[in-house]
Amino acid sequence: MPIRAEKEARLKQRARAIWLYGLPGAGKTTLATALEARLAAAGFTTVLLDGDQIRSGLSRGLGFSKEDRAENLRRSAEVAKLFVEAGIIPVCAFITPLRAYRDEARKIIGPDDFISVYLSASYDQCARRDPKGLYRQAENRQLPQFSGRDSVFEPPAQGEASLVLDTAAVPVDACLAQLEALVLPRVRLLPP
């Protein structure tokens, strides 16, 4: 039995990376934190990987140019892959604005281990929420290369995302229920 399979058997789970993406303020961190808590409460071994957390450590010093964003997300995908190979379920929350970045993350982690979840909320809807004051800063030109304003955010192509959650119209609890319904069957380890 390969080492990863042994670890998954010991942990009684199938490791998959759950990759939540969308504009700033779309609810990525909120849903990722809630999903990780639910999975942990159900006995799964998980880790939360969040854009702010990665940028304050592993990717400290990287800016928001196209090249720096690509490198930040490459590093994040490599970290997620390490957790998956260890049998742990990483719940990832990253803006991931370009399809090319998402394709690269899927390639690094592996398509069978990558669960892609798009949080759909318009720029205006996210700006009204503005939980961190980022949209206000972007409007005042204090944040260059802001996703959806100064730099492109590409919504997923048809069939790209495993799940699309309309976080502008659907309450958090209902989004979380849909997310759990997608994820749980994919991380449960079936008996041999």
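**Entry 1: Arg4.** I began with Arg4 and found it partly exposed, with a relative accessible area of 21%. On this scale, buried means under 20% relative accessible area, exposed means over 50%, and partly exposed lies in between (1.4 Å probe, protein chains only).

A note on what I am reading: this is a predicted model, where local features need pLDDT of at least 70 and side-chain atom pairs count only at pLDDT 80 or more, while totals for chains, interfaces and linings use all residues. Residues are numbered from 1 along each chain as its sequence is written, and side-chain values use heavy atoms, with hydrogens and water left out.

**Entry 2: salt bridges.** How many salt bridges does a search of the whole structure find? I got twelve, taking a salt bridge to be a side-chain nitrogen of Lys or Arg within 4 Å of a carboxyl oxygen of Asp or Glu.

Arg4 pairs with Asp113, their closest N and O atoms being 2.9 Å apart. This pair links distant parts of the chain, with Arg4 in helix H1 and Asp113 in the loop between H5 and E4, 109 residues apart. Helices (H or I, at least four residues) and strands (E, at least two) are DSSP runs, numbered from the N terminus. Asp113 is buried, at 9% relative accessibility.

Arg4 also has a salt bridge to Glu8, with 3.1 Å between the closest N and O atoms. The two sit four residues apart in helix H1 (residues 3-11), so about one helical turn separates them. Is Glu8 buried or exposed? I found it buried, with a relative accessible area of 7%.

I then looked at helix H4 (residues 66-85), where Glu71 and Arg74 are three residues apart, about one turn of the helix. Their salt bridge has its closest N and O atoms 2.7 Å apart. Glu71 is partly exposed at 23% relative accessibility, and Arg74 is partly exposed at 32%. Elsewhere, salt bridges that share partners join Arg4, Glu8, Arg14 and Asp113 into one network.

**Entry 3: the sheet.** Next I traced five strands, which form an open sheet in the order E2-E3-E1-E4-E5 with parallel pairing. Two strands pair if DSSP finds at least two bridges between them. Strand E2 (46-50) and strand E5 (163-166) stand at the edges with a single partner strand each, so one side of each has no neighbour in the sheet. On average, neighbouring strands are turned by 20° against each other, direction ignored.

Strand E4 (residues 114-120) is joined to E5 by four bridges, and I saw that Ser120 has Asp166 in E5 as its bridge partner. Helix H5 (residues 99-109) lies across strand E1 (17-21) and E4, at about 155° to E4. Such angles run from 0 to 180 degrees between N-to-C directions, with axes fitted to C-alpha atoms, for helices over the stretch in contact.

**Entry 4: Ser116.** I found Ser116 in strand E4, buried at 1% relative accessibility. Beyond neighbours within four places in sequence, its contacts (heavy atoms within 4.5 Å) include Trp19, Tyr21, Arg106 and Leu163.

**Entry 5: the core.** In soluble globular proteins, nonpolar side chains tend to be buried together. A nonpolar core is a set of buried Ala, Val, Leu, Ile, Met, Phe, Trp, Tyr and Cys residues joined through side-chain atoms within 4.5 Å. The largest one here has 52 residues, of which Ile18, Trp19, Leu20, Leu39, Val117 and Leu179 touch the most other members. Helix H8 (residues 172-187) gives the most to this core, seven residues.

What does Leu179 touch, not counting residues up to four places away in sequence? My list reads Leu20, Leu31, Leu35, Val117, Leu163 and Leu165.
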